[in-house]
Amino acid sequence: MAVIELTNVHKTYPPMWGPLAWGIGVLFREHRDTQPAAALRGVDLRVQRGTLLGLLGPSGSGKSTLLRIVAGLLSPSDGDVCVLGRDPLSQRGALLGQIGYVIRNGRSFYGHLSGYENLRFFAGLHGIPQPSRHHLILGLLRDLGLESVANQPQRSWSAGMTQRLAVARALLTSPSVLIMDEPTNGLDPDERSDFYGFLLDHIEQHDVTVLYATHDLNEAQFLCARIALMDRGQVVAQGNYFDVQRPARAIFKRPAPPPPASVDPGLAEYRKARFSTSDW
Ligand code: ADP
Ligand code: MG
């Protein structure tokens, strides 16, 4: 049986309206559509135990949305999701600790605490008992090449070190499912190859099932025995690298879509009138 199973999964984000959407649109220049955003459009996916499935797709193809749904952090609009035989949303408690989730977010650590102290804090939240906690953390820091900086405050760490710390945190509970959202962003080439070695060893030794999002064709070729190619919210091809290589190249070559229309159609006019350089 597959460890992760998705059947006809759809996700449509509701539109954002009013001054809030206007403000967010102006501040972040994204997610500012007034139309519902169809992020996933009928995704079927199976990931077998002990394998790494790469979700390869350009930015905006729906990778992060899919990972959040598998992790039980987001509800699908339609379709069925099953992780380790359970619904990750309604049975989240039962799956707690069995799913490790790695995203790129250095701000989810306490900058004034060292790497070791950060991991001790999160291990405490997971209820990992004191005697085994220390050895577990030291082992993870060693395996991820963070031993030498373990006692320095996390805010002094590089992006790559912080990213490895995020991986260590996800492994604290020895999860049998790992969900990784572009985990090598911010890592330099040496750190990347160390990380690949670590991950492949870890999968083999611990029989872990991994769902791994990437927008990097080379990374997918090197790391992923199986790839699901995503485009505009759909899985458009599946197989090994050579099976998806041709459609992947076509998708990645396509010019980026134009930015979404402004929430307030009058905004562009207003800006033009208000900030027109001819006034200066
Ligand atoms: P990827 O990870 O492949 O870049 P995402 O899952 O982040 O793709 O996004 C897929 C689509 O869903 C994009 O069009 C994006 O703008 C939209 N989207 C993502 N998150 C939100 C959100 N919170 N609200 C509205 N739209 C969103
Ligand atoms: Mg993403």
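## Surroundings of ligand 1

Ligand 1 is surrounded by 12 residues, counted where a heavy atom lies within 4 Å; Gly-60, Gly-62, Lys-63, Ser-64 and Thr-65 are the closest. This is a predicted model, in which local features need pLDDT of at least 70, side-chain atom pairs count only at pLDDT 80 or more, and totals for chains, interfaces and linings use all residues. Residues are numbered from 1 along each chain as its sequence is written, ligands are numbered from 1 in the order in which they are written, and side-chain values use heavy atoms, without hydrogens and water.

A polar backbone atom of Gly-60 is 2.6 Å from an oxygen atom of ligand 1. For Ser-61, a backbone N or O atom lies 3.1 Å from a ligand oxygen, and for Gly-62 a backbone N or O atom also lies 3.1 Å from one. Taken alone, ligand 1 exposes 560 Å² (Shrake-Rupley method, 1.4 Å probe), and the protein buries 72% of that.

## Make-up of the shell

Strand E2 (37-47) and helix H2 (63-70) each give two or more residues to the shell; helices are DSSP runs of H or I with at least four residues, strands runs of E with at least two. H2 gives the most, with three residues. By class, the shell has four nonpolar, seven polar and one charged residues, with Gly counted as polar.

## Helix H7

Helix H7 (residues 189-206) has 18 residues and reaches 26 Å from its first C-alpha to its last. Its buried residues (under 20% relative accessible area, 1.4 Å probe, protein chains only) include Phe-195, Leu-199 and Ile-203. Just after H7, Asp-207 takes a positive phi of about 55°.

Definitions and conventions
A polar contact is a pair of N or O atoms within 3.5 Å; within protein, one must be able to donate a hydrogen and the other to accept it, and residues adjacent in sequence count only if both atoms are side-chain atoms. The expected span of a helix is 1.5 Å times one less than its number of residues. Buried means under 20% relative accessible area, exposed over 50%, partly exposed in between (1.4 Å probe, protein chains only).
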